[in-house]
Structure formats: C-alpha cells, structure tokens
Amino acid sequence: LRASIEHLANGASRSEQPVARTSEAAVIAVLGAKGGVGATLVACQLAVGLQDLGAATALLDLALPQGDAALHLDLQPAYSRVGAAHEAEALDATFLRTLLTPHRSGVQLLAATERAEEAELLRAEPVDRALALLRADFDWVVVDLGRSWSEGSVRALDLASQVILVTELDVAALANARRQLELLERLGVSAGRVHVVENRHGRAEALTGRDGRRFLGRAVEARLPDEAAAAGACVNEGRTVGETTRNGPLHRAVLALAQRVHEWSGREAVLPARSGVLARVRLGLARRVYGAA
C-alpha cells in the first residue's frame with residue numbers, strides 16, 4: 001500500500017496539470033533482428049529521446065520472459081506483474097499508475113514480469129488493456145518486444161502505428177532481419193509501418209548499406225553509430241546516452257531517430273524551448289548523417 005501511494009504521489013505533479021491530447025498516443029514497437037543487436041538499448045534510448053523532445057513517453061517492456069528495460073534504466077520497479085493474464089480485468093487507470101516506475105528523464109516504465117511462468121501466460125487481453133490506458137495518458141508508448149512471439153506481443157504489433165526493426169549489417173543479423181520482415185508480412189503488418197534501423201553503424205567489419213538493401217529488398221532508414229564506450233556505459237551504468245556523451249554522435253543520432261519517428265507517425269517534432277541554436281544545428285546535421293538511407 002505504501003509503495004502504491006508513493007507511485008501515485010510521484011505522478012501527482014503531472015496529473016495536476018493535465019495536457020489536452022487531441023489523439024491517443026502512437027505506439028512504437030521495437031523489434032530486434034536477433035539477440036545482441038541492441039534492440040532494448042534502442043527502445044530505452046528512443047523513449048528518453050522522445051521525452052527529451054517534449055512529449056510524455058511510456059515504455060512497455062514485453063521482452064519476455066526476462067526483459068531488461070529496468071536494468072538499462074537503472075530502475076527497481078516495485079511491481080512488474082502486469083503480464084499475468086489474471087490481471088486483465090483488474091487493470092484500470094489507478095492500478096496502472098501504481099505499476100509504472102518513473103525514470104529521472106520523465107519516462108514512465110511498465111516493467112516486464114520477472115517470473116517465467118507469468119510470461120508464459122501472457123495473452124492479448126492484458127496487453128490490449130495496458131496499451132489502451134497508456135495511450136490515453138501519454139503522447140508516445142514505446143514497446144520493447146522480445147525475440148519469442150506470444151499472443152500478447154502479436155497484439156502489441158497489431159496496435160503499433162510503427163514498427164522499428166533493429167539490425168546490424170552482417171550476414172547473420174541480415175538473414176534474421178529478412179526472416180522477421182517475412183514474418184511481419186504474414187502477420188499482416190504493412191510494409192509502410194516497418195522501418196529498418198541499423199545499430200552500430202560504421203563498424204569496420206560491417207557490410208555496406210547497398211549490401212543491406214540488396215539483402216533485405218529495402219533501405220535502412222536510420223542509423224545509430226558504433227559508439228561502444230557510450231553504449232556500454234548506458235548498459236553497464238544504467239545511464240541515458242545524453243548523460244554519458246551529451247551531444248556526442250550517439251546522442252545526436254538518438255534524437256534524430258526520435259524526430260524520424262515523429263515523421264513516420266505524421267507528427268511534428270518540436271525541440272524543447274531550452275535548446276539553443278547550436279543544439280538545433282547539431283540535431284539537423286545528425287538527421288542528415290544518421291536519418292536517411
């Protein structure tokens with residue numbers, strides 16, 4: 001009970017000044033071509049990037065059975081039980097707020113269950129209900145999808161306005177990316193909603209963008225540079241990329257990706273008023289370098 005009251009208190013400042021929303025939040029599903037390509041890193045940093053651009057953002061961890069979003073953000077959720085099928089009927093806006101864990105960036109995390117038996121019970125109903133409630137309260141909902149498919153993850157794909165497929169440009173990752181694209185097509189996800197993002201761009205051993213396009217039959221639409229030190233600090237220290245290397249190449253690329261997500265969703269991205277001219281110029285350059293095929 002005490003934890004529930006604290007969670008509600010943490011969200012009080014935002015609820016006291018409600019933002020008029022003209023539409024429900026856009027759902028952005030992030031999917032890895034295979035394990036190890038950095039899909040969770042991209043999902044977490046994208047959520048922070050969207051928040052930095054002035055939009056209220058929630059992060060839903062569906063990378064079951066052992067999602068790592070809380071670890072990436074250095075959070076210790078008091079609750080992580082929303083994936084249990086028996087909670088679908090009990091889940092309402094008040095209960096959901098007790099499940100959310102606030103991050104210092106402003107992002108609110110709905111963490112994955114830590115119990116494998118609960119992950120196996122995940123059905124469409126609790127995911128449907130959780131996303132409906134999150135969409136009513138936020139501007140963006142970023143969903144970190146796992147590599148194993150379930151009824152719940154397929155439902156999240158159905159509700160996603162855009163799907164980001166994270167890959168690297170090597171043969172193994174591209175082969176799996178092509179399989180994922182074929183599976184998404186069979187699941188009825190239109191090609192226009194799917195966007196391929198290259199992680200660790202610039203590695204010496206990576207293939208070229210032309211090779212990737214030939215292999216996948218489509219171009220890479222955004223790139224995140226190979227900044228091992230900055231990415232490693234995010235994972236190992238639970239820091240955002242803006243905290244590790246503010247205005248560095250990876251940070252600028254994440255903000256550029258956040259702006260591309262706005263464009264893909266038909267929304268206008270606006271930098272916070274505190275951003276200076278230099279920050280805007282840097283972001284514009286990053287969009288040219290990392291935001292185009």
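Select G54 to start: this residue follows helix 3, and its phi is positive, near 95 degrees. A helix here is a DSSP run of H or I with at least four residues, a strand is a run of E with at least two, and numbering goes from the N terminus. You are viewing a predicted model, where local features need pLDDT of at least 70, side-chain atom pairs count only at pLDDT 80 or more, and totals for chains, interfaces and linings use all residues. Residues are numbered from 1 along each chain as its sequence is written, and side-chain values use heavy atoms, with hydrogens and water left out.

Next, select helix 3. Its 14 residues reach 20 Å from first C-alpha to last, close to the 20 Å expected at 1.5 Å a residue (1.5 Å times one less than the number of residues). Of the 14, 13 are buried (under 20% relative accessible area, 1.4 Å probe, protein chains only).

Now select G36, G38, A39, T40 and R147. Among the 30 residues lining the second largest pocket, these lie nearest its centre. A pocket is an open set of points on a 1 Å grid over the protein atoms alone, with protein on both sides within 12 Å along at least five of seven lines; lining residues have an atom within 4 Å of a point. Colour helix 3 (39-52), strand 5 (140-145), strand 7 (194-201) and helix 11 (228-237): each gives two or more residues to this lining.

Last, go to N199 in strand 7. Why does N199 count as buried? Because its relative accessibility is 4%. Show its contacts (heavy atoms within 4.5 Å): leaving out residues up to four places away in sequence, N199 touches V37, G38, V42, V166, T167, E168 and L224.

Definitions and conventions:
1 Å grid on protein atoms, 1.4 Å probe; cavity = no way out; pocket = protein on both sides within 12 Å on 5 of 7 lines; lining within 4 Å. Buried < 20%, exposed > 50% of the residue type's maximum accessible area, 1.4 Å probe, protein only.
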